[in-house]
Amino acid sequence: MVHALDEIRRVLVPNGILIDLRPTLDHWPIEVASAREIRETGRMLDFPLGLADDEAANQSIADAEHKGWFIREQEEFFPFFYSWDSPSELEEWIATEWHEFTGLDDRTKQATRSIWASADADARVRVKVKMLITRWRVAAQNLKAVSQS
Amino acid sequence: MTVQKDRERNETKHLHKFADFTEKRVLEIGCGEGRLTWQYAKETRVTFATDLDPDALRVATIDRPADLESRVYFSLAKSEQLPFSKETFDLAILAWSF
């Protein structure tokens, strides 16, 4: 990813802006949500591969900042919801799309099914993904180096 | 299995809170099927969106609204070897890239 950041810096104009937008593992909450109420049923499991990916991304960004390529201007976490009509659809999604970096234990699966079964008819199952958004500006001190390359 | 992503539009709100896209030349890296691209591209002067997945890019191209055909372009490219000259873009988005 460091090489990608170097490339991005190259194609951006002086004082150009980079928006880094990515999910970060943090035992994402599972919720059953209806118009009337939201109930947390458990948390996702964070697997080593996913945590390693997060760490690698954080390290690459830190390296780019340390090299003086970009200046961090603004940063914030926000929730991003994945929603399904039923717990079985959630479980299928995790098994096919997310199985390498996150998972569900049996207790949380059972709690989610149980709470969803007794919830209002409009209830959906959702995962609250923790998103990180950061605005970076191309550092002026590197513009000369880039223009000479 | 039908998944809905960001029904609450939190991502779109934060993207616009963090960046002004008006008349900007924008590069999006990791665009996938263009889900995020459609949230801002109408405001840009031009958008180039790249991904490593040709199937996703095919879907993005098919889904591209007619009014964006002359403003949004998709290309297969590695983020480490971007096929653009230096200082081409005002703004870059590194989207969901680990």
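Chain A contains five helices and seven strands, where helices (H or I, at least four residues) and strands (E, at least two) are DSSP runs numbered from the N terminus. This is a predicted model, in which local features need pLDDT of at least 70 and side-chain atom pairs count only at pLDDT 80 or more, while totals for chains, interfaces and linings use all residues. Residues are numbered from 1 along each chain as its sequence is written, and chains are lettered from A and ligands numbered from 1 in the order in which they are written. Along the sequence, the elements of chain A follow the pattern α-β-β-β-β-α-β-α-β-α-β-α.

Taken along the principal axes, the C-alpha atoms of chain A fill a box of roughly 65 × 30 × 20 Å. Of the 149 residues in chain A, 29% are buried; a residue is buried if 20 or more other C-beta atoms lie within 10 Å of its own, exposed if 12 or fewer, and partly exposed in between, with C-beta atoms placed from the backbone. Among the contacts in chain A with a separation of 6 or more, 82% are between residues 24 or more positions apart, a contact being a pair of residues whose C-beta atoms, placed from the backbone, lie within 7 Å.

Chain B comes to two helices and five strands, which run β-α-β-β-α-β-β from the N terminus on. Its radius of gyration of 13 Å agrees with the value near 13 Å for a compact globule of 98 residues, and its C-alpha trace spans about 40 × 30 × 30 Å along the principal axes. Buried residues make up 34% of the 98 residues in chain B, and residues 24 or more positions apart account for 56% of its contacts with a separation of 6 or more.

Between the two chains, 35 residues of chain A are in contact with 33 residues of chain B. On the side of chain A that touches chain B, two or more residues each come from H1, E1, H2, E5, helix H3 (87–98) and strand E7 (124–138) of chain A, and the largest share, ten residues, comes from E1(A). By class, that side has 21 nonpolar, four polar and ten charged residues, where Ala, Val, Leu, Ile, Met, Phe, Trp, Tyr, Cys and Pro count as nonpolar, Asp, Glu, Lys and Arg as charged, and the others, Gly among them, as polar.

The largest nonpolar core has 37 residues, and those with the most contacts inside it are Leu18(A), Ala92(B), Ile93(B) and Leu94(B). Strand E5 (residues 89–95) of chain B gives the largest share of this core, six residues. A nonpolar core is here a set of buried Ala, Val, Leu, Ile, Met, Phe, Trp, Tyr and Cys residues joined through C-beta atoms within 7 Å. Not counting residues up to four places away in sequence, Ile93(B) touches Ile19(A), Leu21(A), Val26(B), Glu28(B) and Ile29(B).

Helix H2 (residues 48–66) of chain A has 19 residues and reaches 26 Å from its first C-alpha to its last, close to the 27 Å expected at 1.5 Å a residue, the expected span being 1.5 Å times one less than the number of residues. Within H2(A), Gly50(A), Ile61(A) and Ala64(A) are buried. The buried residues of H2(A) pack against helix H1 (2–11), strand E1 (12–23), strand E4 (45–46), strand E5 (70–84) and strand E6 (102–103) of chain A, whereas the face turned away from the buried side carries the exposed residues Pro48(A), Leu49(A), Ala52(A), Glu55(A), Gln59(A), Ala62(A) and His66(A). Asn58(A), also in helix H2 of chain A, counts as partly exposed, with 14 C-beta neighbours inside 10 Å. H2(A) is followed by Gly68(A), whose phi is positive, near 80 degrees.

Positive phi values also occur in residues other than glycine, including Asn15(A), with phi near 65 degrees, and Glu23(B), with phi near 60 degrees. Asn15(A) lies in strand E1 of chain A and is exposed, with 12 other C-beta atoms within 10 Å. Glu23(B) is found in the loop between helix H1 (10–18) and strand E2 (25–29) of chain B, and is exposed with 10 other C-beta atoms within 10 Å.

Definitions and conventions. Rg over C-alpha atoms; globule rule 2.2 N^0.38 Å.
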